[in-house]
Structure formats: structure tokens, C-alpha cells
Amino acid sequence: MAPSSPQPQARQTASASRRAGIIPVERWFWFLAEENAQGIALPVTLLLALLVRWCVALHGYSGRGSPPLYGDFEAQRHWMELTVHLPPSQWYFYDLSYWGLDYPPLTAFQSWACGWVAHLINPSWVALDQSRGIETHTSKLFMRSTVLVLEALIYVPAVVLLLQSRQVQANWVVRQAAIFSILLQPCLVLIDHGHFQYNSVMLGFLLWTVYFAAREQYLAMAACFCCSLMFKQMALYFAPAVFAFLLAKCFQSPYGVRLFVQLGLVVIVAFGAMLLPWMGSAAQLQQILFRVFPVARGLYEDKVANVWCAVNVAVKLRSMFAAPVLLRLAAAATSVAFAPTCIHLFLAARRAASGQTLAAADAVKLLCYALVNCSLAFFLFSFQVHEKSILLPLAPALLLIHEEPWAVNWFVQVALFSLYPLLFKDGLQIPYWVMAVGWSMLRSCPACPADKRTPLAVLNAQWVSTLVMVAIHVANMYVPPPPSLPDLYVVLNVVFSCAMFVLFFVYFNYRQFTLALVRVRTTRSKKKDS
């Protein structure tokens, strides 16, 4: 009788060797690939993402049981109420002392659509003035459901299609692990489904912007970015990078002038369509502009981990200078911070378009780096920054998670830590800790240092930063701050997180510039060799 074939055992040995150095989340997808069960990978990821979101939604939210103004949950519900019952001419004027509408028109239209559905189901949820502060189980269920539905319609398809496109140069396992990681990224889940907001809509339109850039459909790219900008004004954080990229494409061929005109028409039509109800009145447009850009609120709000708030620990800028001076200072600092990024993107994308140095896929990769760097510059240096704005640089950074695994994992950890004071006020400590530990374990950063691709020095630095964050948490729980420094631990959080964000800003800029330079040298060397 012939001996049994050693091939199955050899395959198992090779498979075990291949999985030995990869992160835990990738091991699951390697298992599915080896069992020929790739078809269930995406459905399982989507179901798990849905389950996690519903579990987070069972906990607290912004302003729960805190009259008279409550919080962001009530603000979003109130906008549904006023948009359903009032004409557009009153949307940006009605009772501004109680959560006056201060987001661009696309948010107002979304509030109207959700409010219309709510009115059909139960008019008491959005009764004008009579529903203020409503917190019934059914109204909360409806509000939570609107976030899930809009995320499923806009954000999730963009993530899946973008990561599965041919421009993402990675194998099936890495692609699926990236989709899994982006959909279960704790910061967005906790803010949108815990604290309560609709950031996934704005960020979803941003991902569609990158998707159409990858497909070289630049008119659709411009339209999607207009939607992102008209949903939340914070999308301005990305505007210089998107403009630089599209402008570079206008220089790529003799048809560049036509593309430039077409892009201008798309922007005009998109903005005009969304502003149409107010186009007949200059006073209406002025009021929208005033509400969307509330300069009078000051340099920053609450304790946010950006440069101005961190510097304020030692230098009281808001006491030393008037708001207009601080506005000019912030604008100048922000411009200086993002200008090199955008200039470099323009030059590199222009070369990529003409085929001189970079492939189109590399140009899109550069766009992602530029989006990270540009939005981080705005977060660190711009005027009127919120804690939640860290979600903006995180979104394009996560698109690079297969390129920069340790940097993105670490960035997510620090960003989540910076959000803790806000999440603590909302009663979200349990989901915060569960998602923080879960992310670290699944992404091998740094609790499971089995990822052989991560440099040892980086792992050691991550351990140090993690210990600092844990120490601040433990002290916050067990050591009362001195009466003269009631915000001691919040300030420590701000200073530490800001310092880390500055390091990430430097690192991602370095990666953007060196990524292009390496490929330029390679191309030139090939030409010399030939």
C-alpha cells in the first residue's frame, strides 16, 4: 500500500508559516481563504459592524437628561423638527438661542428628510416647540436608526468599493482586513453611534471623492466633494488638497482647459442646487454664511488637542489678543502648515498625469497622504476646532492602513484617547474601553507585538505612549485632582495628544514627500539604465 501523500501536511506547514507574522485580524481572513469561504467574509464584517454599532447605541449620548439645552442628540432632532414645520427661509433664523441650525444646506435637507419620516411614524417626535427634549425609547430608536441607515447608504459602500478597486495594490486578505478595520474604527463608531452625530455622511462623500479620483472620473469627484462640503463645513479641511489634485489634472493634456471649465460648472451647479431655496435673498445667504462660520465663538471650544489649546496652558492667547487677531494668526499658521503638502501634491500629481514619473494609482496614494496632512494642519492650527474634528484626518489615514499599519494603528489609539473627556461626559466609558482594547488586540498595536513588519523602536515607543495614556486614565479614576486644578487630567490629555498629533503630522508629511522622491529616482535610474 502506497504511503499517504505529504502534500496536505506541507500545505498546512506553509500556511502556518505564512500566518505566523501577520496581525490577528488578518489571520481570520487567511482562514477563510484557506477554507474557500471568501464569500462570507464581507457579510460577516458587515454584520459585526452593525452589531457593534447597536451595542454602542444602547449607552449614553450627548446631553442625555440634561435640560434645558441637552446636547448634540437634541440638536439633530430639533433640526428635523424645524425643517419639517418651517419654510427654508426660516431655517437659519428660527430661535437661534435653542440649537439654531449652523450646518450647511445639505445637512438641513437631510434633517428635513429624516423629520418627514419621523412625522409620518409619530408626529410627537418632531412637534414644533412641543417636542423639545423628548427622550422616549421609540424616538431614540428612530434617531439611532437614521444614523445607521445613512451610514449604510453612503459610507459603507464607499469603503467597500474603494478598498476592492484595482488601484489598491494589496492581496485579498489585506483588502478584507482593511475593510474590517475601517468599518470598526472606534472613534467614528463612538462619536456617531454613541455621542450622536452624522459624520459618516460627510466622510462617506469624502471617500466617494477618493474613489472617483482612483477611477479618474474627475467631474464625479468634484461633485462628491461639494456634497461633503455642503453637508459639514469641516470638510474645508480637505479642500486645499482636493483643489491641488484637480488643478494638476487640468494640466495633464491639451484638454485641460476644457476639464477646468467642466469642473467649474460642476461646482457652480452643485452649490447652486443646494443653495437654491435661498438664492433670491442676499440676507438669507449672508445668514447661512454667518451661521456656518461662527467666528464669534473663539479660537477653540472646550478642551481640544490642538496647538492653540495646548499652548494656552502656558500662554493665555485668548486673554492677550482679540478674536480678529487670533483669527488671522490661526489662518496664517494653517496656511503655512498645509501649503507644502498641497504644492508637492500638485507637482507630483501633474507629473503622474503626464506619465513622467508616477503611476495613476500612486497619485491617488499621494492624494490620501495629502488629505491626511492637510486635515491635520487644519486640526492643529485652524480657528474654532472641536474634539470631534480629529475624525477628519483619521478617514484618509485609514485608507493607508495597508501601507502604514503601525502608524495608522497608533494614530487611531491616540485619537481615541483624545476623545475620552467628551465620551466620559456622555457616559460612554464601557464602550470606550471595549473598543480601545479590541482595536489594539485585533490590529496588534501594541498589546500583541506579533506583527513582524513593525520596527522594534516603534513598538517600544507605542508601549511608552500606551503606558502614559493608561497612567492618565488610572490617575483620573483614583487620584482626585487638586482643587486649584480641577481640569488637570483633561489638560494632560490635551497636551499629550497634541504632541502626538504633531509627531504624526511630521511623519505623514515625511512619508508623502519621500514616497514621491523614491519613485522619481527609480524612474530616472531606469531611464539611465536603458
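How do the residues lining the largest cavity divide by class: how many are nonpolar, polar and charged? The tour reaches that cavity at its second stop.

**Before you start.** This is a predicted model: local features need pLDDT of at least 70, side-chain atom pairs count only at pLDDT 80 or more, and totals for chains, interfaces and linings use all residues. Residues are numbered from 1 along each chain as its sequence is written, and side-chain values use heavy atoms, leaving out hydrogens and water. Helices (H or I, at least four residues) are DSSP runs numbered from the N terminus.

**Stop 1: the largest pocket.** Select Q233, M234, R297, Q384 and H386. Of the 44 lining residues, these are the closest to the centre of the largest pocket. The pocket holds about 1,000 Å³ of space. On a 1 Å grid over the protein atoms alone, a pocket is an open set of points with protein on both sides within 12 Å along at least five of seven lines. A cavity is a set where a 1.4 Å probe fits but cannot get out. Lining residues have an atom within 4 Å of a point. Grid points are joined across faces, edges and corners, and a volume is the space filled by probe spheres set on the points.

Now show α4 (72-85), α17 (323-354) and α21 (420-425). Each supplies at least two residues of the pocket lining. α17 gives the most, with six. By class, the lining has 20 nonpolar, 14 polar and ten charged residues. Here Ala, Val, Leu, Ile, Met, Phe, Trp, Tyr, Cys and Pro count as nonpolar, Asp, Glu, Lys and Arg as charged, and the others, Gly among them, as polar.

**Stop 2: the largest cavity.** The structure holds four cavities of 30 Å³ or more. The largest cavity has a volume of about 200 Å³. Select Q167, V168, V364, L399 and H402, which lie nearest its centre among 16 lining residues. α18 has the largest share, five residues. The opening question is settled here: ten nonpolar, three polar and three charged residues line the largest cavity.

**Stop 3: α7 and α9.** Axes are lines fitted to C-alpha atoms, for helices over the stretch in contact, and angles run from 0 to 180 degrees between N-to-C directions. Angles under 35 degrees count as roughly parallel, over 145 as roughly antiparallel, 65 to 115 as roughly perpendicular and the rest as oblique. Select M143, R144, T146, V147, L148, E151 and Y155 in α7; they meet L188, D192, H193, G194 and F196 in α9. Contact means heavy atoms within 4.5 Å. This contact has six nonpolar, three polar and three charged residues.

**Stop 4: α10 and α19.** Return to α10 and show α19 (residues 391-398). The two pack at about 40°, with axes 11 Å apart. α10 is therefore oblique to α19. Select N199, M202, L203 and L206 in α10, which meet L391, L392, A395 and P396 in α19. Seven of these residues are nonpolar, one is polar and none is charged.

**Stop 5: α3 and α8.** Finish with α3 (residues 41-57) and α8 (residues 172-183). Their axes come within 10 Å and cross at roughly 15°. The two helices are therefore roughly parallel. Select A41, L42, T45, L46, L48, A49 and R53 in α3; their partners in α8 are W172, Q176, I179, F180 and L183. The contact has nine nonpolar, two polar and one charged residues.
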